Amino acid sequence: MAGAGLGFSSSFSAQSRATAGIMVRIPVPLLKRRKLKFAGLNEVFRIRVAGCGVSSTRLYNCGSCAAEERVPVDMERYKEAFGRRMAVAGLKPHHSIAVGVSGGPDSMALCLLTAAWKTDGPYAASQSDGYVDGLLAIIVDHRLRAESKEEAHIVSRRVSKMGIRCEIAECNWSDGRPKQGHLQEAARDMRYQNFQKVCIQHQIDVLLIAHHADDQAELLILRLSRGSGVLGLAGMAFASQLFSTSTVLHNDGSNNKGLLLVRPLLHFSKEDMYKICQASNQDWVEDPTNRNPAYARNRIRMSLGNLSSYTFQSEIQELISSCRKTRAYVDHISNELIDQAVTIMDQGYAVIDLMVLSPSKVPDMCLSKFIALVLQFVSQKHRTVRGATSKRLLDYVRTFPCKASLSTLQTSFTVAGCYLCPSPGSRGTKLLVCCSVNCPLPSTIEVNNSDFDREQKQYPSMLDEIIAEGKSYVDQFVPDVLDVKFLNMTCQSVLAEAKRIGIISESTHNNITLLERNETKYFKPENKVHLEQEIIENPSTSASESELLHPGKACYFMDRFMVTWNERPLRYCSSLVIDHRKAAEVRHMAESDWLYLAKLARCKNLHDLVPQITDADSEVEQIAGKRKQSLEYMQLSAIKSLQSLKSIPVAARRSLPVLVNHEGILLTIPSIGFQCCPCLIVSCTFRPRLPLGGGHSSFL
């Protein structure tokens, strides 16, 4: 790939960095221990220590002596390669872009390349007040070390000198410092939450991250040690949509297109990062926790540093590339199957046409990915289905007609937050996938605290255009099945096959296997019972914890339904009993709700079902004459709603939102049009947070 560095080692020695004339950071105590070693290289270090205003955890410049000249760095080559990768992602210089910056050599190199790309060429972005328009650096202060705040401000000043506006986002740990065993994972989650928050505030749709080829190699070893399949071995996506955990509510409901995460340096090496910084005389800082062997990535990084031969580096990247081709093929087939065989209903459930799908003809890996995407969409949660459960699920889907699984004799299947069963009336030719309310699911509702009609205006977004441009490029390079090397292979068989067909040599195979085994020793899988993966006959009807919704407000129910209570003057009637809070509880629909509708439709004396008005105040007396009219309205609404319910499978009804008052009396089922009073105007729209297919991604 053009623009790739000469090597992919992320841990080559300080000696080799100094010899190359690139920038090196060496803690002062370590430098003293290696003084004799470096003295033999005739190197002169210009070190700025604490006494000169920079602490010993800062960057040190490494230069050659007067008798030697540095090896020149071809920055134009790097800029051209970077520009091609940005074009592949569908990005152009006029697009608004954010850059995640840690202050290390990787993110500083990314800032340098992005600023140059933005300001070069005929379509260059303009500049104002010394800053490049449409470019923002986001520095996240994790607040896990005493010096992190100082470092964040140092990095901010350095990036500002490049002409890039900066914003520092501080992490707020509600439960205190995260536990040591989960520190890096918690920091990563918090970091991306802050990235998303800042991008939303600044109306930016694209975030660049400085992951590079060495990071991919580390991830390969890590996932091998965890028993990941070939899709996991493909590593990080070049481009992917990242969807926010909080939804912005607009007048038309949820407008969560997500954030496009792009990694334009995946074909650059760690050595390239140092060279780019050296060519621009750019300093960096480094988090000392990156050298702590207690963390898996650090251990792997140090081990890979001992295997930095060109052959090993190139072969491990070729292995990753082959896995990515397999991933791209599987993703392409899975999305085609979704387009052809899946119908999404307005009530939030999916119907899979098994005759169109022809599951017996689909390779296991493609069928598993297809099912996973459908389950992820319906449940709005990513739950990996593995092992025996995955095998039973594949067997269940492949049974045609889908009346009962041959191995389990089950007519229904509950897995990963979803309930699967034959679609009513289809005679097993169609499969129903709906949300299983008895499984652990997202928080019940998110209430919008501002007035719904006064919600913030939508800003013009170019995300659709960018994604369309990126997809048009990706579609040209979807591999043919003959070019896919590892279809339906486990992680161990991937290595064996790669060695057999010559992607990796015997030596590289042995080294990867050794690294994997060494890291596996540290891995202790958690023995947790996942109730959502148990096979059961019938789904539970238990409702989730209720929340309050007020007039004029909107809420997001179970990450899938936008429920809006339009504020209207509420005339008191016997059928609408709302307490002084003027609020309703939102919960799942239960069997008792449609039984209540049936009783309303058949009941001749509605006073038996609706509480009598006992207050004797003047307002109640004035509207008492309208009681009969209100009850007739409610009965007619119940009759019409029962007709709508007939078209919705029983299993799918259970995830529909309903509103009840403080006494548990049913007020409205907005999905089917039932409302107990014409004054109560509540609407419900199916607007899932995560789109079907998981959003745009590219593994080029």
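Trainee: How do you know that the end-to-end distance of helix 16 agrees with its number of residues?

Mentor: In this predicted model, helix 16 covers residues 463–474, which is 12 residues. At 1.5 Å a residue they should span 16 Å, and the end C-alpha atoms are 16 Å apart, so the two values agree.

Trainee: Which residues of helix 16 are called buried?

Mentor: The name applies to a relative accessible area under 20%. In helix 16, L463, I466, I467, G470 and V474 are buried. Viewed down the helix axis, these buried residues fall within an arc of 95°, so they line one face of the helix.

Trainee: What covers the buried residues of helix 16?

Mentor: The cover includes helix 4 (75–88), strand 8 (206–208), strand 9 (239–242), strand 12 (259–262) and strand 27 (697–698).

Trainee: How do you know whether the span of helix 4 agrees with its number of residues?

Mentor: The same reasoning applies. The 14 residues of helix 4 should span 20 Å at 1.5 Å a residue; the end C-alpha atoms are 20 Å apart, and therefore the values agree. The buried residues of helix 4 are M75, Y78, A81, F82, G83, R85, M86 and V88. Among the elements that cover them are strand 3, helix 5 and helix 16. Just after helix 4, G90 has a positive phi of about 85°.

Trainee: What makes strand 7 and strand 27 edge strands?

Mentor: Seven strands form an open sheet with mixed pairing, in the order 7-6-3-8-12-9-27. Strand 7 (165–170) and strand 27 each pair on one side only, and they are the edge strands.

Trainee: Which strands does helix 5 lie across?

Mentor: Helix 5 (residues 105–119) lies across strand 3, strand 6 (135–141) and strand 8, and runs at about 160° to strand 3. Helix 7 (residues 183–201) also packs on the sheet, and its direction makes about 145° with that of strand 6.

Trainee: Which residues have the most contacts inside the largest nonpolar core?

Mentor: That core has 110 residues, and those with the most contacts inside it are L319, F370, L420 and V433. Its largest share, 11 residues, comes from helix 12 (residues 310–341). A second, separate core of 48 residues includes M108, L110, L135 and I466.

Terms used: Residues numbered from 1 in each chain as written. Predicted model: local features only at pLDDT ≥ 70, side-chain atom pairs only at ≥ 80, totals over all residues. Heavy atoms only, no water. Helix = DSSP H or I, 4+ residues; strand = E, 2+ residues; numbered from the N terminus. Expected span 1.5 Å × (residues − 1). Buried < 20%, exposed > 50% of the residue type's maximum accessible area, 1.4 Å probe, protein only. Arc of directions from axis to C-beta. Contact = heavy atoms within 4.5 Å. Core = buried A, V, L, I, M, F, W, Y, C linked by side-chain atoms within 4.5 Å. Pairing = 2+ DSSP bridges. Axes fitted to C-alpha atoms, helices over the stretch in contact; angles between N-to-C directions.
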